Amino acid sequence: MLTVEKKTALYNCIMRQFPDAGLYRATRVGEWLHTNGYLLNDMGYATFRGFAEDFPEMFSFQDDNNDEFIEIRKWQTGESAMYNNFYTNHPADSFFGTGNIILNDDIIEMTQRSLYALTKILGNGYTVQQMKQEIYEKFDEAKQNGKLNFFGERYTFPIGYCQDGLLVNGIITKNLSPVGKSLYFSFDKTQIYRPAAEIEHKAPPIGGEISEDDKEKVYKLLTENFECERRLHMAAISKFLADHGINRMKYGYFKMKDFLSGLEYLQLDEVVLGGVPQVMVTIHANENSAPERTDNATRVMNYREEPEPENADDTAIPAGKLSEICNLPIKPMAILESFLTEKGIKTDYFKIVEELNADFDEARSGKKIRNYDSKLIFPCRYLKEDGSNVELTIKPSAYEGKKWFLYFVDTQVRDRNHQNGSPGKQLENFAFLGSWSNFLSELAAKAVDEDWDFSNSPRRNYQILIQYIKYTFSRLMREKKVCISNDRQFASFNTGLADNHYDDIYACFVPNEPGSDTEWKFTGFCTAASGGLGKQLVNYFNPLPQPPAYFRRNEDLFFDHTKQIHTDFEHIIIDNIKRLPLQFLYDQFFDNSQAKELVEKIRACGPDRIQRNALYEELKELILDNSRLFVRIQNRLKDSIELARKRVRWNYKTAIPSYFPKRDSMSLMLPLALLDEVNPDVALVVELTRSGSYQGQTILTLPQAYIDARLMCRLTGDWLTPKQIFANTPEEQTDEELGDME
């Protein structure tokens, strides 16, 4: 039995680390008690649950969480005692210097900058999170082997040898800052030297092998696009090779740095730029392999920008007026007309065509037309908000008639640093979140119970929730609803989710350490006026941070089945062929053995993304060359679209609203059943045009469709729920592909 005195001591100990009532992982609470010397066996308990059940004033397990989470309550008896000494002593006083300490994310502060610098010094190629786990493992190893030293109010323990042979020690001290966790991590080099360290670190990875032909191929690719004998950022080289189908994993290399080290004509140097360690690459000219090239073929790409396509050869640019050689579809022309209307420019369709004809002719004569991936890109007279020219992209057409068609109108102002402008990256650039796993699990535990993973997920990784919170934050930034206090000591946003009492859940942030990569640091989730964070939230903001808003008109919610749908079949069938079910494609190729063979190869290629992409490119070319195959797939899609219209007429909830973050636009999604007439396989995205008809923009896989739709609200429809959806395999999707409507 626990005495009142013992309970008071335990309460004071726990409240130092978990001051707010709420749900916490039981393992975290158990580790904290162990760190402070409260061992279950010594207290007479075999399990943590038994101990918690003997302290019902403070702890409570819920039947539906399988002992994973425990509820911590405020205990009035111990509260006054706790406040008597909580603010007069350091939170780590009770355990610092003892052998019970257990390092975890709850008690130790590790800055991303120091972790990143440590990976560079050790040369291990780890990510920041991998480096953090390595530190925890080295600390435990030192504790077990008697190599954990405590002297002068700090712990020291060996981490590893750096490339110059010196040993690197980890250092743990009390965190003297009033903001942050109990302990602070740093590191330094010792005078202990291991001569063999440099040789060991520079040894090539086992299993990596690049053939001479492939080395020649990479050399030719690099020298045609970069200057020799000039230092280039490894990031630029890595991105360029990846964009051109060079996969380091294919050659047995886990890290791009190791792959580049295996190419004799490349020299890699580690430098420090702006206080950050970086790797620079120099391409040395090989006289025996140097390709012939002109000055125009030589270019250097800025690693912070998208690659600029080369100027096209004059013979590749068609002659004649743009409107005579190029189809001008409704969708891109409507985008351009809408852009001009918003800028207050009065015009009409025929005047726009006349002006585009003149702009295309001027761009051709001034050699301002760029050729990129078989597309032609040229500037027109209209200006974006930043003063740069709106650009138009045309590409070859597969239809009879005009050989080109207007493919894309670029009216968006982009951040020069692509990551900052990407909706999926804005939250990470705003604040340091710690571990994504901890961040998401804490949010999921606080919110109303919901499926945050698709049905075939092998474990809970919150695949849906991570996309939801990223793009919700992006929307809030666009609406200027991310709140920052006047003294810049507190920031918060409304997550759009609610707890079991349907109170809004807010994410809260405090200033990050000076010199950190982000201004803010995540500190927790709360509801208004609940706990310490909730009280700070109410103290700082009135009104409280508002949730995102998406719906502006009835048309955003309801599909009008009396209106026509004009569908961009070429974009769906050719550009997004990977989203169509393989069995559906196979069924349409019943009389074409070459196409059927390609589908079978795609099925059998496994996780090799390079091979799969190459096979899909072959399949695209085959369909483009065989109009019968294209029309057959198109007709089958038309039948499915008509069936979807009938479903909507029968139940208006079948059309599901969705939000597209990259274009900040609303659309509706219709289910397309391609393999049978019951189960949808993909979603058709339709957008209402100014003319009053619908434009069938593209198709989405069901995981993509669910993530776009979940931004608005929890779905209760009959065809788009996580339990009915099988997520794409890891080889077929990335974070940016999920929710991508293009």
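1. Glu-479 is partly exposed, with a relative accessible area of 23%. In this predicted model, the Glu-479 side chain meets that of Lys-481 in a salt bridge. The N to O distance is 3.4 Å. Partly exposed begins where buried, under 20%, ends.

2. How many salt bridges does the structure hold? The count is 21.

3. Asp-359 forms a salt bridge with Arg-381. Their closest N and O atoms are 3.1 Å apart. This pair links distant parts of the chain, 22 residues apart. Asp-359 sits in helix α14, residues 349–365. Arg-381 sits in strand β14, residues 375–383.

4. Arg-381 is partly exposed, at a relative accessible area of 42%.

5. Lys-601 and Glu-597 also pair through their side chains. The salt bridge spans 3.6 Å, N to O. Both residues lie in helix α22, residues 593–604. They are 4 residues apart, about one turn of the helix. Lys-601 counts as partly exposed at 42% relative accessibility. Glu-597 is partly exposed too, with a relative accessible area of 46%.

Conventions: Residues are numbered from 1 along each chain as its sequence is written. This is a predicted model: local features need pLDDT of at least 70, side-chain atom pairs count only at pLDDT 80 or more; totals for chains, interfaces and linings use all residues. Side-chain values use heavy atoms; hydrogens and water are left out. A salt bridge is a side-chain nitrogen of Lys or Arg within 4 Å of a carboxyl oxygen of Asp or Glu. Helices (H or I, at least four residues) and strands (E, at least two) are DSSP runs, numbered from the N terminus. Buried means under 20% relative accessible area, exposed over 50%, partly exposed in between (1.4 Å probe, protein chains only).
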